Amino acid sequence: MNPLVQRVIRRSAMFVAALVFIAALWEFYKVIGPEDGGALFGVNIFPRANSRAMPHVWDMLSRYGRPELRSSERKIWRVVLAGAWFSFRLSLVGFAIGATVGVALATLMARFKVVERGLLPYLVVSQTVPLIALAPLVVSWGGKLEVFGYEWPRWLSASVLGAFLAFFPVAVGTLRGLSSANPASLELMDSYAASWTQTLFRLRFPAAVPFMVPALKLAASSSVIGVVVAEISTGLKGGIGRLIIEYAREATGDPAKVFTAVFGAALLGLAMAGLVAAFDLYVMRHRPKEAL
Amino acid sequence: MSTVSVSHLNKIFNTGKTNQVDALVDVSLTIEKGEFVSLIGPSGCGKSTLLRLIANLLEPTSGDIVVAGKSAKQSRLDQDYGMAFQQAGLFDWRTVTKNIELPLELKGWDKAKREARSREMLELVKLPEFADHFPWQLSGGMQQRVAIARALAAHPPLLLMDEPFGALDEMTREHMQAELLSICAKTGTTVVFVTHSIPEAVYLSNRVVVMSPRPGRITKIVDVKLDGHRNETTRERPEFFAAITAVREALRAGGGHAHTGAGVEDR
C-alpha cells in the first residue's frame with residue numbers, strides 16, 4: 001500500500017483511539033469523582049462530577065439530534081455546523097491576513113538587520129496585549145471605517161483579531177527559516193552573482209519551508225482562537241463563539257447544550273490544522289524523508 | 001592569453017586585531033587557458049582563500065586579480081567561471097535537471113534553451129536517466145557529478161573546485177578523477193583545483209602549486225610531465241611517482257610544521 005495512505009490511516013486510527021480514551025476518562029471520573037466537587041488541603045481542586053457540570057458523553061452526543069430551541073424545528077447539529085462554518089471562513093480570512101503579514105515582516109527583517117533589531121521586540125510585546133482588551137476597539141471600526149470606498153464590515157474585525165494572533169508565529173518561524181539556508185548554498189548563489197530577490201525565492205524560501213510549516217500550524221489554531229474570542233467578547237452573531245456564550249447561559253437547564261458548541265469549535269480548529277497539514281504534504285512531497 | 005593572473009596578492013583577516021591572520025602573502029600565479037592547476041598544502045595554507053579570491057567571493061587586501069581578461073568582480077558578474085565545493089550543495093527541492101538549470105535561470109535563459117543545455121550536461125556527466133530524480137535519491141558520487149554539470153552548465157571557460165571529491169570513497173574518487181579529466185578534455189575548460197591529496201593533484205594536473213602556512217604562500221610549482229591521455233595505467237608509471245615525490249619534497253621543504261606536510265594525505 002502507498003506509505004502516505006498508510007500514514008493517514010494510522011494517524012486517523014490514533015486520533016479516534018484518543019477520542020475514545022478521553023471519553024472513557026470523562027465517564028470514569030464521573031463514577032469516582034465527588035458529586036459536589038472536593039477540596040484537598042482546603043483548596044477546591046476536584047471538579048464536580050454531577051450531571052449539570054459534567055454531562056454524560058452520550059447525553060452530549062444525543063443532544064446534537066434534538067432541536068436547538070423547544071420552539072424550533074432546527075436540529076442543533078445544523079445550527080452548530082452553520083456556526084462553525086461561519087467562524088471557519090472568518091478564521092481562514094484571519095489566517096490568510098496573518099500569514100501574509102507574518103511572511104512580509106519576516107522577509108523585511110531578514111533583508112534589513114536594522115528592521116529586525118527595531119521591530120522584533122515590538123512584535124513580542126504585541127502578543128502580550130490581551131485580546132479581550134483589543135477586541136472592542138477593533139470591532140468598533142465596523143460601520144465607522146471606510147477602506148477604499150468600502151464600509152468596514154463587522155465580521156472583518158473578528159478576522160483581524162484572528163490575524164493579530166496568527167501573524168506572530170509565522171513572522172518568527174519564517175525569519176528563523178530564512179536564515180537557515182546553508183552557507184555553502186549562499187556562497188554558490190553569490191558565485192552566480194544572484195540578486196537578493198533571486199536568492200530569496202530560489203534558496204531562502206525553499207529552505208525556510210520546514211520552519212514555516214509548524215509556524216503555520218500554530219497560526220491556524222491561533223486565528224481560530226482569535227476569531228472565537230472576538231465573537232464572544234463582542235457578541236458578533238452567526239459564529240460558533242456567539243453560540244458558546246448563548247448556550248452557556250442555559251447550562252443549568254440544558255448542560256449538554258454548551259458542549260455541542262464547544263465541540264463545534266474544536267472541529268473548526270481541526271479543519272484549519274488539516275488544511276495546513278495538507279499544504280505540508282504538498283510542498284514537502286519531494287523532500288528527503290528525514291525532513292518530513 | 002592567460003585565464004587567471006594573480007599578482008602580488010595579499011589577504012589579511014582581522015587586520016590589526018590580536019587574532020590577525022596573514023592568509024596569503026605576496027602570491028603571484030598565472031594560469032594559461034586549458035591548463036589544469038591544483039593548489040595543495042596543509043590546512044591553513046590559504047589554498048581555499050586563494051580560490052575564493054579568484055572567484056571574487058572574498059576581496060583581496062592588496063594585489064591584482066585578472067580573470068578572463070577582466071577584474072575578478074566583473075568576471076563573477078559575467079559568470080565566467082563555474083564553482084564546485086566539497087559538499088555537492090544541490091538544492092533538495094529541485095530535480096537533477098532543475099539543479100543543473102539553476103545558473104541558466106539566473107542568467108535569464110528561456111526554457112527551451114535551458115532544457116537543451118541540461119540534457120547536454122547530463123549526457124556529459126553520464127546521468128541522463130536521472131534527469132527527474134531528486135538529489136537525495138542519488139549516491140554521493142552521482143550528486144558530485146550533478147554539481148559538476150551545474151558548474152559547467154553555462155559553458156564557463158574556467159572551473160573552480162574546492163576539494164570536490166574530498167567526501168567520496170577512494171574508488172568513487174578515482175573514477176570521478178578520470179571522469180573530470182575526460183570532461184575537461186571535451187570542453188577545453190581551465191581548472192583550478194584545491195585538494196589535500198598528493199596523488200589526486202598529480203594525476204589531474206599540468207602543474208601542482210605547493211603552498212605552506214603561516215603566512216600562506218606559494219613555496220613551489222611542480223610541473224607534472226605526464227603527456228597525453230591519462231588513464232588507469234598512469235598511476236603505475238614512474239613519471240607519476242616521480243611527480244608525487246617532487247610534490248612531497250616541496251611540501252616538506254615548505255615547512256611551517258614540526259611534522260611536515262601535516263594535513264596532506266598520501267593516498
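**Backbone exceptions and their setting**

Modeller: His8(B) is exposed, since 12 other C-beta atoms lie within 10 Å (with C-beta atoms placed from the backbone, 12 or fewer others within 10 Å count as exposed, 20 or more as buried, and anything in between as partly exposed). The model is predicted, so to speak of a local feature requires pLDDT of at least 70 and to count a side-chain atom pair requires pLDDT 80 or more, while totals for chains, interfaces and linings use all residues. Residues are numbered from 1 along each chain as its sequence is written, and chains are lettered from A and ligands numbered from 1 in the order in which they are written.

His8(B) sits in strand β1 (residues 2-13) of chain B (strands are DSSP runs of E with at least two residues, helices are runs of H or I with at least four, and both are numbered from the N terminus). Although His8(B) is not a glycine, its phi is positive, at about 45°. Most residues other than glycine have a negative phi, and most peptide bonds are trans. Gln79(B), also not a glycine, has a positive phi of about 50°, but Gln79(B) counts as buried because it has 20 C-beta neighbours inside 10 Å; it belongs to the loop between α2 (72-77) and β6 (81-84) of chain B. A further exception is the cis peptide bond from Arg214(B) to Pro215(B), with omega near -10°, and Pro215(B) lies in the loop between β9 (207-212) and β10 (217-223) of chain B.

Chain B touches chain A through 17 residues of its own and 16 of chain A (two residues are in contact if their C-beta atoms, placed from the backbone, lie within 7 Å). On the side of chain A, the elements that give two or more residues are α7 (183-191) and α8 (196-234), and α7(A) gives the most, with 6 residues. That side divides into 7 nonpolar, 5 polar and 4 charged residues (Ala, Val, Leu, Ile, Met, Phe, Trp, Tyr, Cys and Pro are nonpolar, Asp, Glu, Lys and Arg charged, and the others, Gly among them, polar).

As for chain A itself, it has 10 helices and 4 strands, and buried residues make up 34% of its 292 residues. Of its contacts with a separation of 6 or more, 70% join residues 24 or more positions apart. The C-alpha atoms of chain A fill a box of roughly 70 × 55 × 45 Å along the principal axes.
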